[in-house]
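Please look over the sequence and the model shown here before reading on.

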Amino acid sequence: MKKILILLMLVSLAGITGRTYAQTGDRSDWNVPPPLPPGTVPKGAVPGKAGKAATVVPVVDVPQPAMPKLGEVELAALSPVSLIIPVAAVPYQPAFPSLPFETPEIPVPAVPETIDLPKQAPADEITGATTDFPEPQAPEMPATPNAPLTTGKGPVETFKVPLTPGLLQQPVVNDLPGTSFPFTEWSVLPIVSNIHFVLVLPDEKGDIRSKPKALKRKQKNAKPK
Amino acid sequence: MKVINHNIKNHLLPFFILFIYTANAQTLHPDTKFKKGDEFQRQIVIKSNCVLQRGGQTLNISTFSAVTKLYKVNETANKGASINVTINKIIDTVNALGHKVVYNSDNKPDPSSDIQMTLSQMIGKPAVIAVDETGKVLTAQKQLPGSDTQLWFVGIQPEYFAPGNNVEFMLDFPANSFLKKGYTWADNSASTSTTYTINSVTGRTTTITYTSTDLQGNLNSKTNGVLLIDNDSGVILKRSTQSVTTGYVVVKGVVYTAIRRTATSEICYKK
């Protein structure tokens, strides 16, 4: 009896220990490492042996996409030339620069009245309301930058990605009231009986296409002949 | 008969002398007597207010400028002279669109400023002209730099040497001791009409007031001015003006209605 108990205890201990070890190294579907960037996995790499360095493909040019056609740029129309003379302030008379000899004083000239505008204004020299909009030329390829150096080593970031969320939780379906669409109980209309109908019976040959004998149903309240 | 002839001859001589003197007096002009190496320095101070307008767009430009020019006699011939005209100094302040540009030719111009670079191109580049003894331009081999439109906006008065016109620092007027206050005369051309009036006369100077109307191209101008002239040389020692110009100015192909009011004070003397 004692031996049986010890045996049972050993089996239980082994089961607990194995379960404990099984919990380490999370290898569930929830732990999916991100894919490695290209060029970081050397070909032929095996544990204990370095593989060949990946060849970085240089940047190649791609065809320049066609320039989308733009409509002509139209400028807003100019306002007509004003025929009203603007108003400008009269400047004060500046002092004379100094002379190396004395001179008599002279009177200050009177401010003249505004003179009329010329009879005809010149035409605007700019022609048309559109402006030239030259298309830019495709630039040349810039110098190829240096490719980043990667060794394939280094910390790999891992993060948990839920693959099947909500799997353990079933949606709860509550009983819907009978009046909620589309569960509304449809009202069943009574079948309308047609008292005037012709019952087509097959003829002796069993063919209903020929004119069979029609059996007329006696009308109610029909007067006897 | 001999007695009569002798008496007439004696009496006619003074009449001839008086006639000649009178004729010369009517056409007497100040004789400048240009000499090689003579230098005339002219300083012009100008204040102006200008308004450009097109539709709802209005541009106000205020300027203050002080320009120093030198007129140097290189050669003389037949009482006339060959003169080099050079702008030696410019001080200019332009206020427009809330911005202020100050230029002094004594300082290095700012390469990023179109106004300063334009003004700097005017310094030290002489115009070469030939004049007669009254200062009237005979030929102009080379003009001063700068276009009228550029100078108009920065408030500097352009000087264009046209054959038949007097240089601006001299006036050809009938200087005469018989001229009194109130004497008036006119000088008219195809586009310009000017009326001069004697204001006062002294032994050495004459003060003249004038009004001028200029109708040419797209601009009409009216000027009231006062001159102080050296009677001997005809050099305008002092000049002050008040003027108004109205018309149309083309800026980058667009026509604007414009008005400009200007006040000038200038001096000129022989160094």
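## Confidence in the model

The confidence that the predictor assigns to each residue, on a scale from 0 to 100, is called pLDDT. This is a predicted model, in which chain B has a mean pLDDT of 85, with 86% of its residues at 70 or more. For the model as a whole, the scores are ipTM 0.80 and pTM 0.62.

Within chain B, residues 1–9 stay under 50 in pLDDT, and the model gives this stretch 0 contacts beyond four places in sequence. Over residues 11–29 of chain B the pLDDT is also below 50, although this stretch has 8 contacts in the model beyond near neighbours in sequence. Where pLDDT is low, the predicted coordinates should not be read in detail.

B:S265 is placed in strand β12 of chain B, which covers residues 254–270. Because its relative accessible area is 0%, and buried means under 20%, B:S265 counts as buried.

Leaving aside residues up to four places away in sequence, B:S265 touches residues of both chains, including A:Q93, A:P94 and A:F96 as well as B:I44, B:V45 and B:R239. With A:P94 there is a specific approach, in that the side chain of B:S265 reaches the backbone oxygen of A:P94 at 2.6 Å.

## A nonpolar surface patch on chain A

On the surface, A:M1, A:I4, A:L5 and A:L8 form a nonpolar patch, and together these residues have about 460 Å² of accessible area. One of them, A:I4, lies in helix α1 of chain A, which spans residues 2–23. A:I4 counts as exposed because its relative accessibility is 51%, and the cut-off for exposed is over 50%.

How values were computed. Residues are numbered from 1 along each chain as its sequence is written. Chains are lettered from A and ligands numbered from 1 in the order in which they are written. This is a predicted model: local features need pLDDT of at least 70, side-chain atom pairs count only at pLDDT 80 or more; totals for chains, interfaces and linings use all residues. Side-chain values use heavy atoms; hydrogens and water are left out. Contact means heavy atoms within 4.5 Å. Patches are made of residues with over 30% relative accessible area and no salt bridge: like charges are joined within 9 Å, nonpolar side chains (Val, Leu, Ile, Met, Phe, Trp, Tyr) within 5 Å. Accessible areas come from the Shrake-Rupley method with a 1.4 Å probe; for residues, only the protein chains shown count as cover. A salt bridge is a side-chain nitrogen of Lys or Arg within 4 Å of a carboxyl oxygen of Asp or Glu. Helices (H or I, at least four residues) and strands (E, at least two) are DSSP runs, numbered from the N terminus. Buried means under 20% relative accessible area, exposed over 50%, partly exposed in between (1.4 Å probe, protein chains only). A polar contact is a pair of N or O atoms within 3.5 Å; within protein, one must be able to donate a hydrogen and the other to accept it, and residues adjacent in sequence count only if both atoms are side-chain atoms.
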